[in-house]
2 protein chains.
Amino acid sequence: MTTSAPPPKTDSDVTRLEQIQELLDRDSWREAADLLRKLPPAEVAHVLEALPLTQRQILWDLLDTDQDGETLMELTENVRNELVQNMDQEEIVDAAQQMDVDDLADFIQELPVDVTREILESLDEQDRRRLETVLSYPEDTAGGLMNTDTVTVRPDVTLDVVLRYLRQLGDRVPRNTDQLFVTNREDKYLGTLRLADLVTHDPQQTVAEVMSLGVQPFNAYADADDVARRFEQYDLLSAPVVDDDGRLVGRITVDDVVDLIREQGEHQFMGSAGLSEDEDMFAPVAVSARRRAVWLGINLATAFLASWVIGHFQETLDKIVALAVLMPIVASMGGVGGTQTLTLAIRGIALGQLSGKNALYLVIKELAVAAINGIIWAVVVGLIAGYWFHSTDIALVIGAAMIINLIAAAVTGAVLPLLLEKLGIDPALAGGVLLTTVTDVVGFLSFLGLATLFLL
Amino acid sequence: MTTSAPPPKTDSDVTRLEQIQELLDRDSWREAADLLRKLPPAEVAHVLEALPLTQRQILWDLLDTDQDGETLMELTENVRNELVQNMDQEEIVDAAQQMDVDDLADFIQELPVDVTREILESLDEQDRRRLETVLSYPEDTAGGLMNTDTVTVRPDVTLDVVLRYLRQLGDRVPRNTDQLFVTNREDKYLGTLRLADLVTHDPQQTVAEVMSLGVQPFNAYADADDVARRFEQYDLLSAPVVDDDGRLVGRITVDDVVDLIREQGEHQFMGSAGLSEDEDMFAPVAVSARRRAVWLGINLATAFLASWVIGHFQETLDKIVALAVLMPIVASMGGVGGTQTLTLAIRGIALGQLSGKNALYLVIKELAVAAINGIIWAVVVGLIAGYWFHSTDIALVIGAAMIINLIAAAVTGAVLPLLLEKLGIDPALAGGVLLTTVTDVVGFLSFLGLATLFLL
């Protein structure tokens, strides 16, 4: 139950990783494995993720500890799947037996049916029932996030009785228990008894007198993102989860919420490059190449769309070659300006701070910002381009195109993610590609179009 | 001490925000303010951030609760500064007095000297000393993150004595206390006594017998990012902070770590668009325009660099206009491929999983991925371009340029962030601009260069 001892504080994560790497460089595999075995699962996972594929696999095979199950669950999904693929059925079942129910529920869904069956058969009646409870809720809900290791007490007993009950439980009080849940005979959730309240009140008082009623339980179908936000806003350490009838079915602890928040952040960042937040830095080349190919293919289609637009102005380009030299500037500035608006909007949506109501304000504000910057940079670009190619006409055309494209970029950046969200498409993933398609097309069209109209 | 009651569970954040917005649409300012006053500071902050500037300011002036200080600290820095600018000195001092010491330490550094002096004078001796302790450490260290509200016990007393002491303290036990810290007479940190252990052991046992020795304290100068990672890895709820002599100076709680992790994620995501993680969605137009102008200006410089490269091939473009039509494709694909590698590398660095040791593996792997995708898409692009312009030569040139640029992109994407990190430049901020500069230049240079060599 006690947290395992972390290594001396001078060992930062990076230097520990380097220690392992040095051992591997000297082919001291056993020593490296011995060192790893002393670390908690999360740190083992951290080191494994940072190792190239072959080293990772060899070390994993050497490790084989009774922490394998926990370590697996600390790995990102892609790394875990890679390792599990090379484990035999017995090893997988062994690992599964070390997992918490919430982890096991995630794990089991990634496995072949026959392995799943064997794992289910290896569980005792109680654990199987608990697992089925968690599995009955979608992964991205409070029910999918929760664990079933709740300690419950009745409202009419005294704190003294609770204290004696806890002493009996001893080590079986689950990790990171900051509060007990108060339920009635039908398992209906009534309130929580915080350990801090338990120890600061007279033992003769009843649970009903001391318990907090303010902790609102999560419905098991509540959105996991909403759960995370509530944890942040209320500084929660744990929270009860109830079913539609108000019966306590489990609890969510802040450590799982921390992982969720980390994933959300990575999802936005990695998603904008077309990567999954589970992307393994050292994934097999074939796997990486295949995944990347899809994204490059999508972008190639949009790039050809832009080329097709340019293709309509071949006559113009043929006559004024300066246009070919300058045209990427207009497209590029639109992309940069639009991405800024898009990024603000995507974050706003993810935080639940941007909806239909205030979207209009955002569009107006971003339009104003784009107009100001459009004018400023139109003047700068116009002056430089005009001087370069000794042409006032080119200066005027590129300046006008710049203003048009920055304004189009601002509107697209603000409206597009809201539209995608409405259509059920993830703006963090699709927003960037679509935005630059618009800014490329508008950029080339406005610049070459204006040039065709006024310069030929 | 008890958590304030959240509103009914059917009220998700978005609908609550919409409720407020509807009230404001009907000019029911008082009603909106009354509704807000019932919410905890974090939710008030959430709503305020989602409101356009004018509405936000009016509502803030109406609010004026004894939670103003906490609400201010829940706001992102830019929104907070905007509001504080319009507060008079008395209001600021009032708000400051409601803050925790760690928040106050952050807050005070953003204020003019005379306001700071008044706040310091308003504090009692103990709070001033505590504030000075926190202020003596940089903001991004364990010391800057910690609070000073620790409850300490001596090792030689019995649990029974601890329980009586806690009952005396009652409501003064700080929020989210999951463990007490064990110190000797010189305030040296010895171990922690978890409340869960306190309630599950015989009251006649001594603290020394029950306390956990495994919880390694953070040195006050430890990097805040390392602190966050340790919290994640060990599923910590709180952790002790000690000075260089091992004396307990404070504790870090998981709710502050949650905020830090959220900020780290937003920093990467927003940074790649040249925005700060504190960027206010509804910042004043002039402020936004100025900040954005800098980023657009930097990008304009890189765009002109690309144009300058193209400018050297005017003769070639003049002869084969198809090159102008196709050249953005090569540059764009390089940018997309390189950004994927860059994103992986930036995350690896941020997680402490990428350093000199395994960087070579990443470069080799990304090179292999780029080579495979380079060949695949070179064939596709070559076929389309060749068919479009009826020219095998163009097909061969664009295919070769594509392979060159994707390979250059992969190397740059993997090496650049490590180089920037070494130079003390934030790769999340500068990486994207520099990468696309490279992929634009290499893209145009290889495509137009090869065309000049082989097609003229």
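Visitor: Why is Q97(B) called partly exposed?

Guide: In this predicted model, Q97(B) has 14 C-beta neighbours inside 10 Å. Buried would take 20 or more, and exposed would take 12 or fewer. Its count falls in between, so Q97(B) is called partly exposed.

Visitor: Where is Q97(B) found, and what does Q97(B) touch?

Guide: Q97(B) is found in helix 7 of chain B, which covers residues 89–97. Leaving aside residues up to four places away in sequence, Q97(B) touches G69(B) and S122(B).

Visitor: What makes strand 4 and strand 6 of chain B edge strands?

Guide: The open sheet has 3 strands in the order 4-5-6, with mixed pairing. Strand 4 (218–219) and strand 6 (248–253) each have a single partner strand, so one side of each is left without a neighbour in the sheet.

Visitor: How do you know that strand 4 of chain B pairs with strand 5 of chain B?

Guide: Pairing takes at least two bridges. Here 2 bridges join strand 4 to strand 5 (residues 238–242), and these strands run parallel. N219(B), for instance, has V242(B) as its bridge partner in strand 5.

Visitor: Which helix packs on that sheet?

Guide: Helix 16 of chain B (residues 254–271) does, touching strand 5 and strand 6 of chain B. The direction of helix 16 makes about 60 degrees with that of strand 6.

Visitor: What scores does the model have?

Guide: Its ipTM is 0.90 and its pTM is 0.90.

Note on methods:
Residues numbered from 1 in each chain as written. Chains lettered and ligands numbered in written order. Predicted model: local features only at pLDDT ≥ 70, side-chain atom pairs only at ≥ 80, totals over all residues. Helix = DSSP H or I, 4+ residues; strand = E, 2+ residues; numbered from the N terminus. Contact = placed C-beta atoms within 7 Å. Axes fitted to C-alpha atoms, helices over the stretch in contact; angles between N-to-C directions.
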